[in-house]
Amino acid sequence: MKIPFHDIVICGGGLVGASLALALSHLPLDICLLDPAPQAPAPRADDRTFTIAQGSKRALTTLGAWSRISRQDFQPITEIEVSDRAGRFGFTHLFADELGVDALGFVTGNVALLAALYGALGETGVTLRRGRFGEITRDDKSATVALAAGEKGHQLKCRLLVGADGTHSAVRGACGIDVHRHDYGREAIVSNCRVSAPRPTTAFERFTPDGPIAALPIGDDRYTFVISRPDAPEWQALDEDLFIDRLRATFGDRLGRVLGASPRLRFPLMRQHAREWVAPRVALIGNAAHTLHPVAGQGFNLGLRDVAVLADRLAEAVRAGADYGDLAWLRDYERIRQMDVANTTRFTDGLVRLFAPRLGPVAIARAVALNLVDGVPAVKRMLAVRTMGLKAPLPKLFRGIKP
Ligand SMILES: Cc1cc2nc3c(=O)[nH]c(=O)nc-3n(C[C@H](O)[C@H](O)[C@H](O)COP(=O)(O)OP(=O)(O)OC[C@H]3O[C@@H](n4cnc5c(N)ncnc54)[C@H](O)[C@@H]3O)c2cc1C
């Protein structure tokens, strides 16, 4: 049987893989997006919310995805309040208008984002294929992907395989790429709650001795709480009333009373880096390459920057008539991206460690805001000094141009 051929197979149709498929869809390439469920999730699936930086919003707009998110499904953040739980350092606020921007960032849901990406993908020629990656074999010119057990006999051939299959990437494993991993010994509990005194455009970051708590506005009287805890399984098992009591005792009552809480989701917290991001005929992006603590809301934002840089490199190779799966092109992507990721990881890791001592909330707030407003020229210049990776020109998607 003839093995189906695609120029590029993207393994993993989460936020990052779906974004890359869209970013490449206008190029003269046959793209296949492979995922066990390559579609928008059901509305009550993983309903986490994400902070989206200004630059990421611009990239999503360029991809034709942002305009598909209805106004009630995203919330601009105009103020961030940062404090420790005991108020030892007091409270610090950051305001968008002080920085001369309309919003410090935006909050939107995983479900709304994926629905927007898959809605846009539906209007492209990208092949959406249901299946789970199993193994890879490679020669000089191509890679052959075998689907996992239960899907035997199914193979795909491509010039380049992109691993966008998340923290436990099977593509990374099949290529023998090792990781550095640090386990924070905590998990994040996520719950969407209704509160009695909402401040719909204010986000909160509380640094408590047990770990940080973020409260992100998601419209009307609703907030997503992301609570980092060493005893997360216990918190997840609490009934709603007890959970609300604990939340109030930990977060305080800046948002009034908590009126109701959705069932809690639980996520392990780790910092992980693939030792290499590319191999012959293979590139890793998003969580497959790097996973970090969600305290500063940077994981997807970083993944989108991987997408933009990889798409630029691939587009340039295609236009030059070069072999875009060649390691030399891929190494360029790795080199450009690793500095930004290393700096952001250091910053995020630092935030987790310093919730009590060295840095007060003023510095933390400034740092959080700097990361959120990465699309604003003046602030971006300051950020560039701190993170050398941003000295390079912004990739096209972040300038509003398709690669
Ligand atoms: C609690 C929490 C809050 C967060 N908040 C923010 C935030 O505010 N802002 C932000 O920017 N980031 C945030 N993040 C980080 C963000 O969730 C991730 O960075 C992002 O989802 C990574 O996307 P991804 O597509 O790389 O991986 P994933 O979302 O893990 O997607 C991987 C995809 O690969 C598929 N897959 C897996 N194995 C295979 C296989 N063998 N074959 C084929 N397909 C496969 C899966 O089905 C899935 O669709 C948060 C993370 C957590 C845990």
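A residue counts as exposed when its relative accessible area is over 50%, and as buried when that area is under 20%. Keep these two cut-offs in mind while reading this predicted model.

Start with Asp220. Its relative accessibility is 62%, so Asp220 counts as exposed. Asp220 sits in the loop that links strand E14 (211–217) and strand E15 (222–229). Its backbone stands out too: phi is positive, about 55 degrees, although Asp220 is not a glycine.

Now turn to Arg281. This residue also is not a glycine, and its phi is positive, at about 70 degrees. Arg281 is found in the loop between strand E18 (278–279) and strand E19 (282–284). Is Arg281 buried or exposed? Its relative accessibility is 3%, so Arg281 counts as buried.

Next comes a charged part of the surface. Asp239, Glu240, Asp241 and Asp245 gather there in a patch of negative charge. Take Asp241 as one of them. Asp241 belongs to helix H6, which covers residues 240–251. With a relative accessible area of 58%, Asp241 is exposed.

The cysteines come last. A disulfide is a covalent bond between the sulfur atoms of two cysteines. To be counted here, the two sulfur atoms must lie within 2.5 Å. How many disulfides does this rule give? The count comes to zero. Cys158 shows why: the closest cysteine sulfur, in Cys32, is 8.7 Å from the sulfur of Cys158, too far for a bond. Cys158 is buried, at 0% relative accessibility. Cys193 is buried as well, with a relative accessible area of 1%.

Methods
Residues numbered from 1 in each chain as written. Predicted model: local features only at pLDDT ≥ 70, side-chain atom pairs only at ≥ 80, totals over all residues. Heavy atoms only, no water. Patch = residues over 30% accessible without salt bridge, like charges linked within 9 Å, V, L, I, M, F, W, Y side chains within 5 Å. Areas by Shrake-Rupley, 256 points an atom, 1.4 Å probe, with all protein chains shown as cover. Salt bridge = Lys/Arg side-chain N within 4 Å of Asp/Glu carboxyl O. Lys, Arg positive; Asp, Glu negative; His and termini not counted. Charge placed at Lys NZ, Arg CZ, Asp CG, Glu CD. Helix = DSSP H or I, 4+ residues; strand = E, 2+ residues; numbered from the N terminus. Buried < 20%, exposed > 50% of the residue type's maximum accessible area, 1.4 Å probe, protein only.
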